Amino acid sequence: MSIGTRSTFLHLGLIALLFVLAFVLPSYHQGNLARIMVLATYAIGYNVLFGYTGLLSLGHAMFFGAGMYGLGLAMQYGGLGVIPAFAVALICAAALSAVVALLALRTIGVAFMIVTLMFAQAGYLTVLYFGAWTRGDEGFVIAQSARQIAGLDLTAPTTRYLAALLLFSAALLITARMMQVSFGSVLIGVRENEERTRMLGYDVFRHKLAAVIISGTISGAAGAGYAVLFGYVGATFTSVQYSIFPLLWVLLGGAGTTIGPLVGTLFMFYLIDYSSGLTNAYMLIAGVVLVLLTLFARAGLVGEIRKRWVAWLP
Amino acid sequence: MDFGPHLLLAVLEGAVGAAVLALTALGLSLVFGVMRVVNVAHGEFFMLGAVIAWFVATSIGGHPAVGFVAALALAPLIAGLVAVLVDRLILKPVKYDPEATIVGTIGVLYILQQTALMTYGPEARPVEPPFSHRIALPWFEWGENGFAMFYPWGLSTNSYKLFVIGAAIVILLAFWLIMTRSKAGLIMRATQLDRETALAFGIPVSRVYSIVFGLGAGLAALAAVLIVPIQQAHYLMGHDPLLLSFIVVIIGGLGSIRGTVLAAVLIGMSDGIISVFLSPTLSKIIATLLVALVLVFRPQGLFGKKPA
Amino acid sequence: MILLETKGLTRVYGGLTAVDGVDFALPKGEVHALIGPNGAGKSTFVGMISGRIPASSGEVWFDGQNVTPLPAHARIRRGMAYTFQITAVYARLSLADNLALALRSRDRGAALAALDRVGLADRADQMTGDLAYGHQRLLEIAMGVAQKPRLLILDEPTQGLAESEIEGFNALIRELAGETTILLIEHNMNVVMALADRITVLEMGRILASGTPAEIHANRAVQDAYLGTG
């Protein structure tokens, strides 16, 4: 069986498994997994830039937020339906990604991290500044009656789960395919040795630009998905914490792997779920995990598995 | 209060903020200048200083000045020691790799912040200043009798605030003297300029790094002890100083001490003055965008060295 | 016909002029060696030809076109290939994956054929970082050759290679000569004398002498400056 076929089986198998779980899981875990899949979509978006292209952004919450507020504001004040609002969200996220990329890609390394952090911080503050519409940290709720597609009620648990699965599957398959064609190889080349890649005749800047836009748009799709499926739009999702989360999830699961983002999101979600029952300082766990990963397992869970045992993992 | 006195008040408040910001940002700049790493947990060492100051002040009874002096000595020391630990346990093993350092110090940020939440709690608590006297400030006016001085109601400052400004200036001067005149300063500057050559000359670079990292954290903690009688101690108070320090260090030029101090004065004062006229949120938006654009278009800041 | 030409090519770093108004012409199909003492500006010169380093002034003409305003990747696309002085390959990728990026194709057969030219075909799936430095160098040369360039620029290609590997390298270059124009920077005078049709000697950013190996060998100024008594 070729590597390509094995990968296809892996991805489709995972999606099939998640599909079956929709009908088998108790409602608490079904709800959790729906949320996890949307957040894992965010992580997949982040992975495109961090895992495959090697650019560490500390400001991805602005893209998640662009999607969230793009859809949220379009539905709340523009009266748009779910699908048109989702389109608006994608356009907002893509446009913001392009603008940020054109500025931030002029910097490298540490400067890039700080520039993205600053743009995201400005984004968060802007959301607060226009609190009259965005309702700032408090946020606003999207009415249940609005969250329907062609008669399907997205607030019904199983429908919501399947919608989340659809979003996740799209992101997973698009990313997996992208890495199988030459565009993906070049991204890896940029990550591994940018100067060598340039001197092999590849337009490095254009590839990085595309990577940022794809990464930002997928993250925006996740933000829009979160808003419409869980009915809430709030400034917290554009704060620094939500820029750190995808980094944490991708590092933990395995940067540069296709299923790593889901694994990392799942793991952290339940880890925090468990520890928030014990203490209100549950983010301590996030801190400890980050330190341990930095010291001992930079490749993450799936990454380590790939390194040691299953070399063909995509 | 008229515009003039209002402005004077804003300038004084800005000066206090600038003084504390200069010390905090200096710590960050020193670490980046010598070690070439960004300590994202820098704001939490600031918070640590404030929280320790509260613990010390409340444990030691009697006159607040006693507790304050004890805090001035203990808080930077403890923060420095914690930082040295972070350097030895985390930064050294990853060999100061830029990406790993940032991720690792983000972890340290959450660890310190949440530990403070668990031990100190979510409330903001005040610390009494060692002394506090209201000082009315005069203003000038052209009256019927010519140039006259009077004391507008509401235009006053506090002896402690003036002390903070003075203390910061003294500390900055002492720091500058140490860096330029002492052997320790020479060693630090040598390590900053050329790590390899420093090693070849027998300078214990590894130990210098630990000390510098501890010193950076200690400066932040010291700044926090100075400000905590004015501003209460809270487990989330590290967030703003971190962001502001970043802004200062980048605009002033990473690794340039003179640039850091000048930028701190510029930003501290303008933050204070602008906040009087614009909403604080808007002035923060402008500040963060400005930092981003400086990094994009003039990465060496105002005083840094232009990359070759 | 002249494939590559530079006109008054100059590079200034702050107060230092690394390359000083060099006029250079390289005919198609020639194997041309660039020699000179360390710091003479050789790497900077070829860096400007390939576009890696921006020129302070002057022009680069490739195949009758002024490529000076073009970025490096565009010049590579026009038919240049470049190997670095310090080996730059993808250490965490396999040899085959390295070639895939050089070939711009995932055709394994083509990758293996390219590796075979430098005798590394049996290591196609090994991780490049695990290879000895000399083998990594050969890989980089293979990557350059695999691009079927019109101009192949090699910066000290034999540095770090064992004697037998150098012989293999010489054979490879002789195979290519004629169809590919080759510009190489070299310190190994045996390789230079064995391969070069013509030699240019750079010193302090300027051309000291240019001519056939025999002419250069006999040139007094070159001997004094560089070759010594050998």
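**Exercises on a predicted three-chain contact model**

Buried residues make up 46% of the 308 residues in chain B; a residue is buried if 20 or more other C-beta atoms, placed from the backbone, lie within 10 Å of its own. This is a predicted model: local features need pLDDT of at least 70, side-chain atom pairs count only at pLDDT 80 or more, and totals for chains, interfaces and linings use all residues. Residues are numbered from 1 along each chain as its sequence is written, while chains are lettered from A and ligands numbered from 1 in the order written.

**Exercise 1.** Work out why the radius of gyration of chain B agrees with a compact globule.

*Solution.* Take the rule, 2.2 Å times the number of residues to the power 0.38, over C-alpha atoms.

**Exercise 2.** Describe the side of chain C that touches chain A.

*Solution.* Start with the count: chain C gives 16 residues and chain A gives 14. Contact means C-beta atoms, placed from the backbone, within 7 Å. Next, find the elements that give two or more residues: helices H2 (72-77) and H3 (95-103) of chain C. Helices are DSSP runs of H or I, at least four residues, numbered from the N terminus. H2(C) gives the most, with four residues. Last, sort this side of chain C: 10 nonpolar, two polar and four charged. Here Ala, Val, Leu, Ile, Met, Phe, Trp, Tyr, Cys and Pro are nonpolar, Asp, Glu, Lys and Arg charged, and the others, Gly among them, polar.

Notes: Contact = placed C-beta atoms within 7 Å. Buried ≥ 20, exposed ≤ 12 C-beta atoms within 10 Å, placed from the backbone.
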